[in-house]
Amino acid sequence: MNLLEVSGLTKTYGTNHAVNAIDFHIAGGEIFGLIGPNGAGKTTTLRIISTLLSKSSGEVKVCGHDVQTDPHEVRRSISYLPEEAGVYKNLKGREYLEFIAGFHAEKKERPAMVERGMSIANLGARINDKVSTYSKGMTRRLTIARALMMNPKLAILDEPTSGLDVINAHEVRNIIKKSISERSAVLLSSHNMLEVDYLCDRIALISGGVIVETGTPDSLKEKYQCSNIEEIFMKIVETLSHADEPDKKRD
Amino acid sequence: MLMNLIKKEIKELLTPSTVAVILVITVLFGSMGKLIGAAKDEAKKKPTIAIVIKEKGPLADRLREFLRTKTTLIYEGDSREEGFAALKASKKGVALVIIDQGFEKTLLAGKPALIKVEWIMRGAGLMDTISSGILERTFLDLNKQISAHLIDATKDKGDLSSSHVLNPTVKFENTHYKSKRIPALSPNKIAQVLVSQSITIPMAVMIIIMLGGSMVITSMGLEKENKTLETLLTMPVSRTTIVMGKIMGSAAVGLFMAAFYMVGFKFYVSSFETGTIDLALLGLDLNAFDYILVGVSLFSSLLFGLAMAMLLGIMAKDYKSAQVLTYPIMGLAMIPMFLTMYRDFDTVTPLVKTVLFVIPFSHPMMAMRHLTLDNYLLVSLGIVYSLTVTAILIAIIVKIFKTDKLITGIMPLRKRA
């Protein structure tokens, strides 16, 4: 069963198409990567799926629930982690996890959820310190733990390792990989092609609001005769810019 | 290079919102200046009074003549009832002065003579008692006239004590303050007693609203800056719950902090108060129900302030821009604060009355004064009005929370096009 179905999704701001008629789906047990240059429409897509932005047209269904007509049910199934998401600085790490657990679980189930979050964050005794004393890597581990501790059916992660050093990024990637089960899926966006190659079962390349390529990393490597995703990405981007040139000359 | 840096600083600091704040402050100071100017003009005017002088003789003529010069007489006759009616009918009448028959005889007998004064107090604002203050000073000059007459009349005999000649009269005064008749006090003394209602309450309300408002706006700015708002909005909880949670949380903290501020401010203001007059004896005290109403009025007004702050907070991009957005609330709270300090609701023009009623912050500032005079209707209407406006604001906020504007920001029309 598909946990996410996106068809003909379009988002416009005036005459500008931020996302233009995109289609993709994510099945249970999958990690799906949305890659593309800055301003390609990745974050807009993630925000629409997370019920933060409205769509202009098309259809988005999470676990069978429409994001526009049934946003509350969608929010029960998802967990969204914005790029460089912050936390409430006056709370301790544990208090922050308890605060979020308060939205997702009944009182009896909350301690177990918080325990799971603490185990994902792996901050040791520092979980009882104020978040304002955390390093960037620690804060990210806490927010990743917050996003995954409730075992969401669909975790939506926007640039989960952005700004992290090699060690912290590696840890975060392992957390994401371990979190996946047959009944859950992850949708992530990233600039890091190696990360996408390592983590994702399937990827979609988005440029100018349009999905220009979709497939598994291996199938794309074979199709484009490249050894890694970065080369594929560069090849596609170059092809697209060449394709745009006649239009620009005409203009 | 220096110019380059200066240009950058000016560009950074002189934003449209900063200019708007400067304009608001200029207008507010201008209005304050106008108010003080009006107080100065008022102080130059002669007080309007009615006199009933039943005494006959040269002293009575001298006093009548003196009062004709120093005041504007709207009634001069023998009937106390007629004089009082004329005074009440006049919008500016301050007092009815009665000098009974036998006035000079009492004085010459070495006893203090009685001047009866029936004051009309129209409001408890600082400017409402200017005329009565002028009349009080006129009474001192009136006493000098009497002293001079006594010296002339008894210069050959010299059997009056100097203290009697210098203080020849005793004032028997009552103040009619709307529906109440307060014995043995002039409007000025009553105004001194009510100084806490005139100054402390408006200031305290303003502090509460500013504290609560800035908390909500700052919280919104920080939520946006730290991207915690995006996380919050994807939680399985209704937008109304998020909005109400923010408002109620800030209201609780605002009231708690305000309680401490008010204690400190009360100590400061009590140094100006006349501590010897018991409000209960004057019938100007409040009962438990009145205090509950004042609390409800304050809370409903605070809720409006917080809802307004939240609406403004939606426009905040970050912590810095949030700070500037508190100024519209401050401006809106300052208007009723100054108006209610200087004038009573009943003594202002219909336009000012409308302005005062429309701004929900006015109601808790005026509530105590209204309840002192048992004007429950106005206080209740104020509460209902504030809650209604708050409910409308919350509905608008929830609607905005359901749109993209919270994430994408509210763009100026020009840019959007």
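A:Thr51 counts as buried because it has 23 C-beta neighbours inside 10 Å. (Buried means 20 or more other C-beta atoms within 10 Å of the residue's own, exposed 12 or fewer, partly exposed in between; C-beta atoms are placed from the backbone.) This is a predicted model, where local features need pLDDT of at least 70 and side-chain atom pairs pLDDT 80 or more, while totals for chains, interfaces and linings use all residues. Residues are numbered from 1 along each chain as its sequence is written, with chains lettered from A and ligands numbered from 1 in the order written.

A:Thr51 sits in the loop between helix H1 (42–49) and strand E4 (57–62) of chain A. (Helices, H or I, of at least four residues and strands, E, of at least two are DSSP runs, numbered from the N terminus.) Its backbone is worth a look: A:Thr51 is not a glycine, yet its phi is positive, about 70 degrees.

Next, the two chains together. Here 13 residues of chain B are in contact with 20 residues of chain A. (Contact means C-beta atoms, placed from the backbone, within 7 Å.) On the chain B side, helix H10 (residues 228–233) supplies the largest share, four residues.

Now the helices of chain B. B:Ala251 lies in helix H11 (residues 239–270). It has 19 C-beta neighbours inside 10 Å, so it counts as partly exposed. Leaving out residues up to four places away in sequence, B:Ala251 touches B:Gly212, B:Leu302, B:Leu303 and B:Leu306. B:Ala322 is 71 residues from B:Ala251 along the chain, and their C-alpha atoms are separated by 18 Å.

Helix H17 (residues 362–372) of chain B packs with helix H15 (residues 327–342) of chain B. Their angle is about 20 degrees and their axes are 9 Å apart. (Axes are lines fitted to C-alpha atoms, for helices over the stretch in contact; angles run from 0 to 180 degrees between N-to-C directions.) H15(B) is therefore roughly parallel to H17(B). (Under 35 degrees is roughly parallel, over 145 roughly antiparallel, 65 to 115 roughly perpendicular, the rest oblique.) H15(B) brings B:Pro336, B:Met337 and B:Thr340 to the contact, and H17(B) brings B:Ser362, B:Met365 and B:Met366.

H17(B) also packs with helix H13 (residues 288–313) of chain B, at about 165 degrees with axes 8 Å apart. That angle makes H13(B) roughly antiparallel to H17(B). From H13(B), the contact takes B:Asp290, B:Leu293, B:Val294, B:Ser297, B:Leu298 and B:Ser301. From H17(B), it takes B:His363, B:Pro364, B:Ala367, B:Met368 and B:Leu371.

Last comes helix H18 (residues 376–401) of chain B. At 1.5 Å a residue, its 26 residues should span 38 Å. (The expected span is 1.5 Å times one less than the number of residues.) The end C-alpha atoms of H18(B) are 37 Å apart, which agrees. The buried residues of H18(B) are B:Val379, B:Gly382, B:Ile383, B:Ser386, B:Thr390, B:Leu393, B:Ile394 and B:Ile397.

Definitions and conventions:
Two residues are in contact if their C-beta atoms, placed from the backbone, lie within 7 Å.
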